[in-house]
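Let's take a walk through this protein model together. Keep the picture open and follow along as we go from one end of the chain to the wider view.

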Amino acid sequence: MKRLLLITATILLSSSCTLSEKIIKDYAQKSHDEYSVLMEKKNYTEAFKILEKWKFFDNKNPELYIDYFNLYLSEGTESGISIDTERNNNETSIELADPKTNQIVGYINGYTNYNQEHLTKAIISLNEGINYSRDRLDMYFGKIHVLNEVGDYKTASSTIQEVLKQSIINKNNWLWSKNEKIDDGERVLLDSLNDYYAEWINIRNDQSLEALLNTSTLQVDLYKNNTYGYNFLAYYYILKDQKIKAIPLLLIAEKIDPNDLVVINNLARLYEDTGNKIEAAKYWDKIIMLGTPEQVTAAKERKKML
């Protein structure tokens, strides 16, 4: 009889937990929907009140902190256009030419300005959400994107290094929006990091190059059998005019993947630039053997020039 009562109590407790989870889930969805309507109307004050009530009810939901993040960014962001003498590093720049000389005299640039107080609150919100959900890759990427936007490449690099370390801990079992599992998490992560590296290379100032160095060094250490980290670390040394240091890194990458055309092309150019015509010719021949028709044509021309 006692055993029967114990089993019944366990069933009731389990049903109670399921019901509580459903109530919390429904409340979260309702709160998010109300918040979204208010955000469309730019009624940030009322949207904030919705989030505060939601937080009191369920303070560990990652979607809550994403909504806080978006609210602070939306409230503290100003976008527009300006006429300048230099092109901004974005895709919204339009050239202005003198109709008489056809010479470029200026640019119409798109711009985005962030209020520092709101930006800080946005980042703090994401950090809080990440603390509750270490495997939500979308939250990390949102943070990194904004940090790069405002030129804080040092913190962006630190965040990517945090992600790389977490990827070893969770074995790249990453989650995305609404805790949906990402298929092939390692590929998604490493492919996405390439975009951040490319951005730092394009900016090419002291802080972005330091971010390139520190992040790619850790990636090489953690992902020894992936060519990406070696290639970007080599690129750092190329940009710092230390090409001799880049070659051994690319040779390691070539051993990992002998058919990686990016690595092969970089080796061909590096040997050419450092005066080693024999090795340069060898790698142009590899491009001729493995490359696309356009790459083959270019490689043949480069080999002739040797």
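## What covers helix α13

The buried residues of α13 are covered by, among others, α11 (261-273) and α12 (277-290). Helices here are DSSP runs of H or I with at least four residues, strands are runs of E with at least two, and both are numbered from the N terminus. Which residues of α13 are buried? They are Val296, Ala299 and Arg302. They sit on the same side of α13 because they cover an arc of only 130° around the axis, where the arc is that of the directions from the helix axis to the C-beta atoms. Over on the other side of α13, Pro293, Glu294, Lys304 and Met305 are exposed. Buried means under 20% relative accessible area, exposed means over 50%, and partly exposed is in between (1.4 Å probe, protein chains only).

The length of α13 works out too: its 13 residues (293-305) should span 18 Å at 1.5 Å a residue, and the end C-alpha atoms are 19 Å apart, which agrees. The expected span is 1.5 Å times one less than the number of residues.

## A word on the model

This is a predicted model, where local features need pLDDT of at least 70 and side-chain atom pairs count only at pLDDT 80 or more, while totals for chains, interfaces and linings use all residues. Residues are numbered from 1 along each chain as its sequence is written, and side-chain values use heavy atoms, with hydrogens and water left out.

Now hop over to helix α6 (residues 153-169), where you'll find Gln161. Is Gln161 buried or exposed? Gln161 counts as buried, because its relative accessibility is 19%.

Leaving aside residues up to four places away in sequence, Gln161 touches Asn214, Thr215 and Leu218; contact means heavy atoms within 4.5 Å. Gln161 and Ala211 are 50 residues apart along the chain, yet their C-alpha atoms are separated by 9.9 Å.

Phe57 belongs to helix α2 (residues 44-57). Phe57 has 38% relative accessibility, so Phe57 counts as partly exposed. Together with Ile23 and Ile24, Phe57 makes a nonpolar surface patch of about 240 Å².

## The whole chain

Zooming out, the chain has 13 helices and three strands. Of its 306 residues, 38% count as buried. Among contacts with a separation of 6 or more, 55% come from residues 24 or more positions apart.

Technical notes:
Patches are made of residues with over 30% relative accessible area and no salt bridge: like charges are joined within 9 Å, nonpolar side chains (Val, Leu, Ile, Met, Phe, Trp, Tyr) within 5 Å. Accessible areas come from the Shrake-Rupley method with a 1.4 Å probe; for residues, only the protein chains shown count as cover. A salt bridge is a side-chain nitrogen of Lys or Arg within 4 Å of a carboxyl oxygen of Asp or Glu.
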